[in-house]
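Here's a quick look at how this chain is put together. Have the sequence and the model open as you read.

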Amino acid sequence: MIWLWLSAAFMVTTAGVHSVLGYRRMIVPLLRGEAEPLADPLTRRIVRFAWHATSVLMLISAAATAWPGTPDSLLIVIGTGWLASGLFDAAYTKGRHVAWPALSGAGIFALIGALT
């Protein structure tokens, strides 16, 4: 169970950093520009919503991982998704995006928890 709690902790931390720091460093500067298509107010609202909705989904994933009695098959799906996201992020950004270790770690911990 400790592996699942570690995984959930990584997921919650990633969600928090994503929502706060990522929003400040990426989304706010992006939305300050007036270039198309971000000049449209609806598009700007959707970008803000989608950014934070991603963090909410991370928190839901963490809850499912730490929830007592979650089926191992679901934990494997969640862990595989997080690990795949982390590895893809590492490859795609050539290791420059700070989130790939947290994404990968959350996935690895979930998989260990599911398989032990």
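What percentage of the 116 residues of the protein chain count as buried? The value is 35%, with buried meaning under 20% relative accessible area (1.4 Å probe, protein chains only). Bear in mind that this is a predicted model, where local features need pLDDT of at least 70, side-chain atom pairs count only at pLDDT 80 or more, and totals for chains, interfaces and linings use all residues. Residues are numbered from 1 along each chain as its sequence is written, and side-chain values use heavy atoms, leaving out hydrogens and water.

The protein chain has four helices and zero strands, taken as DSSP runs (helices H or I, at least four residues; strands E, at least two) numbered from the N terminus.

| Helix | Residues |
|---|---|
| α1 | 2–32 |
| α2 | 41–66 |
| α3 | 72–92 |
| α4 | 100–115 |

Now for the pairing of α1 with α4. Their axes (lines fitted to C-alpha atoms over the stretch in contact, angles from 0 to 180 degrees between N-to-C directions) come within 7 Å and cross at roughly 155°. The two helices are therefore roughly antiparallel, a label for angles over 145 degrees. Trp 3, Phe 10 and Met 11 are among the α1 residues that meet α4, whose side includes Leu 103, Phe 109 and Ile 112; contact here means heavy atoms within 4.5 Å.

Met 11 and Leu 103 also belong to the largest nonpolar core, 11 residues in all, a set of buried Ala, Val, Leu, Ile, Met, Phe, Trp, Tyr and Cys joined through side-chain atoms within 4.5 Å. Each of α1, α2, α3 and α4 supplies at least two residues of this core.

Key
Parallel < 35°, antiparallel > 145°, perpendicular 65-115°, else oblique. Buried < 20%, exposed > 50% of the residue type's maximum accessible area, 1.4 Å probe, protein only.
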